[in-house]
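Welcome! Please take a moment to turn the model around before reading on.

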Amino acid sequence: MIVAPLTDNESERLRDLFKYNILDTPEEQDFNDIVCLASQICGTSISLISLIDKDRQWFKVKVGLRVDETHRNLDFCAHTIQSDELMMVKNALQDERFHDNPLVTGEPNIRFYAGMPLVTPAGHKLGTLCVIDKEPRTLSEDQKFALQILSRQVVKQLELRVVNNHLSNTLHQAQAAGKLGIYEVDLQTHVWNCSKAFYQLYGWNEKKAFTTDDFKAAVHPEDSPAVMQYLVHCLEHEDRFNIEYRSFRWDTREVFFVRSMSQVIRNEKGEPTKVIGIKQNVTEKALAEIQLKNQNEILKKTNTELDNFVYRVSHDLRSPISSALGLVDLIGQENTNATVSKLLKLVEECLHKQDHIIHNILDYSRNARMHIKAEAIDFEHFIREILTSYNHELESKEIEVSLDIHQKGTFYTDPSRLTVVLNNLISNVIRYVRPHTSPPFLKISVSASKRKRRSW
């Protein structure tokens, strides 16, 4: 018996083999179909997919053989992976490599062997797809070609298995990251087929079936009537539903918020038969929304109280100013002394300035929370009306007012906010005017034209 040597790239070959995570895994139908087909095409009693490990050959699937593995030193396939070609032994008793091999002299009494290497995309030979018989024989060219095709299919299945495992792991990671649980409900049996993440979401023992009654019992009693009513409505009238509610974990009875997004599957009569969907733990988002809602309510209440305070204080402040202005006017009418009149004028100006400050506080408080309400503005009329309230101060400081208004078309803006802007500008002119350096003036220019429509 001649023992096959190790391959030239044995370390890399083993590394490639281990990458597939295939060793010592259960039989799989896709691989089983291939060996059955190989045995039928070649007319052999034994066929198998053999993978060459460090010290053994292990059979992923097999037909006509009871053992799961043999030592590598006894392996026909270890000789096969020395090349890329089909290896065929017509009569093992007449082959110096195998004539005294225990697998030839004893069970399974191998006489005929034909093996095709399983070559990966990286060029490594993991094992073989082989057919074996207990009588000497040979293969036709068509049978050899079929083995070559089927060996490539084995490698493709191995590659597909890697991709599927990767996708499965990625899906599980995505479910875990997004706290997603996938489920399917049979509406006839009321049994749920659920993903691992689903069971983790509900703190449920995977070994125990999850039913519709278990789902109902998990819904928070305060949310249960609305949830059940919504689900019944969707089953009768909708194909999809999306709902958020509170639920319990079965292991800890901890309350969490869950969002359920599902699709209703119906038969040809339109009757609901299944529901498939996902459930997501949205506790953090729900609590944040509740907190934000509470904060908004507190802010709304605070703003209302602030408004009331501002209006009350401004009224209390403006009342004595109005009274003082009335007294200044009466004193001015009764007293013709030039010095007194000049002092009264200064007092009057100070009172008006204080009144403007209070008025601006009111405007700011009002505009900071007022909704924008756009209305058509006639600038000529709008500005003259605002200037009317400043006539006395403008005349007293001998400020010359001129308007240069060119309005073509309708202009829309919020009158309240525009009033605040113009009041601030005009009051600043009056407040900071320097009559002794140059003739004081106030010029308001407005140009409002109709915007041309752009063509795209």
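The paragraphs below go from the sheet to the aromatic rings.

A word on the ground rules: this is a predicted model, in which local features need pLDDT of at least 70, side-chain atom pairs count only at pLDDT 80 or more, and totals for chains, interfaces and linings use all residues.

Strands (E, at least two residues) and helices (H or I, at least four) are DSSP runs numbered from the N terminus, and two strands pair if DSSP finds at least two bridges between them. Here, 6 strands form an open sheet with antiparallel pairing, in the order 3-2-1-6-5-4. Strand 3 and strand 4 (87–89) each have a single partner strand, so they stand at the edges, with one side of each lacking a neighbour in the sheet. From one strand to the next, the twist averages 25 degrees; axes are lines fitted to C-alpha atoms, for helices over the stretch in contact, and angles between N-to-C directions run from 0 to 180 degrees.

Look next at strand 4, which pairs with strand 5 in the antiparallel sense over 3 bridges. Met-87 has Gly-115 in strand 5 as its bridge partner. Helix 2 (residues 29–42) packs on the sheet, where it touches strand 1 (46–52), strand 2 (56–63) and strand 6 (125–133). Contact here means heavy atoms within 4.5 Å. The direction of helix 2 makes about 75 degrees with that of strand 2.

Now for the rings. Those of Phe, Tyr and Trp (its six-membered ring) pair if their centres lie within 6.5 Å, and planes under 30 degrees apart count as stacked, over 60 as edge-to-face and the rest as tilted. The whole structure holds 17 aromatic pairs. In one of them, Phe-76 and Tyr-113 have ring centres 5.2 Å apart and planes at 45 degrees, so this pair is tilted. It links distant parts of the chain, 37 residues apart: Phe-76 is in the loop between strand 3 (69–71) and helix 3 (77–80), and Tyr-113 is in strand 5 (residues 112–119). Phe-76 is buried at 3% relative accessibility, and Tyr-113 is buried at 1% (buried means under 20% relative accessible area, exposed over 50%, partly exposed in between, with a 1.4 Å probe and protein chains only).

Finally, find Tyr-202 and Phe-210, two members of one aromatic cluster that also includes Trp-192 and Trp-250.

Notes. Residues numbered from 1 in each chain as written. Heavy atoms only, no water.
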